[in-house]
Amino acid sequence: KRDFIRIFQEKRDELVKNAPESEKLKFLYSSFSTVSKRLVESIHMDLREYLELVDTVLMKLFINLDQETKLRGLLFDEDQSSCNLEEGEEYLVLQMKTKTKSYAFISEKRGQISQALDTWRSLHKDRSGACEETIRILKGCVDKKVVIEYSRWILSSFPE
């Protein structure tokens, strides 16, 4: 799995650097592929679609290997992160990993701030960083009710 991560990261970097956005990518089918039995002709895919596919595979690999730091980097630090977040959330639910940092990151990236904050609140006893992540999210939050609710939790749980 770690080799797949390296390969996908290298391919993603190559695509982002070298391919123009309007370029169509052509994928030929193989007679050995079970998918190809349903295909009549080659598949053409936009670069954005291909990047979404690569980023989504990377996201799932990071989730599977509990590489939360790399997942956070993919979601928030990449210039053109194009993960299918809905698919990532579904994958976490299927893996029964809804109380993890990964779930909080994906919820935040999808704009589900309260869900992300609830996850961080549930993690604060088991994992470090929950307080810091909650404060980081609250700094960018415009919903005053959410800010007040979670600020109270932070102040009561971490009075120092």
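Reply: Val-54 has a relative accessible area of 1%, so it counts as buried, the cut-off being under 20%. Bear in mind that this is a predicted model. Val-54 sits in helix 2, which runs over residues 47-64. If you skip its neighbours within four places in sequence, Val-54 is in contact with Phe-8 and Arg-12. Asn-84 is 30 residues away from Val-54 along the chain, and the C-alpha atoms of the two are 9.9 Å apart.

Now for the core. The largest nonpolar core contains 29 residues, and Met-59, Ile-63, Leu-75, Ile-106 and Trp-120 have the most contacts inside it. Two or more residues each come from helix 2, helix 3 (68-77), helix 4 (85-94), helix 5 (101-109), helix 6 (113-123), helix 7 (130-139) and helix 8 (144-157). Helix 2 gives the largest share of this core, with 7 residues.

Leaving out residues up to four places away in sequence, Trp-120 touches Lys-101, Ala-104, Phe-105, Ala-130, Glu-133, Thr-134, Ile-137 and Trp-153.

Last, the cysteines. Cys-83 comes out at 12% relative accessibility, so it is buried. Cys-131 is buried too, because its relative accessibility is 13%. As for sulfur pairing, the structure holds 0 disulfides; none of its cysteine sulfur atoms pair up within 2.5 Å.

Conventions:
Residues numbered from 1 in each chain as written. Predicted model: local features only at pLDDT ≥ 70, side-chain atom pairs only at ≥ 80, totals over all residues. Heavy atoms only, no water. Buried < 20%, exposed > 50% of the residue type's maximum accessible area, 1.4 Å probe, protein only. Helix = DSSP H or I, 4+ residues; strand = E, 2+ residues; numbered from the N terminus. Contact = heavy atoms within 4.5 Å. Core = buried A, V, L, I, M, F, W, Y, C linked by side-chain atoms within 4.5 Å.
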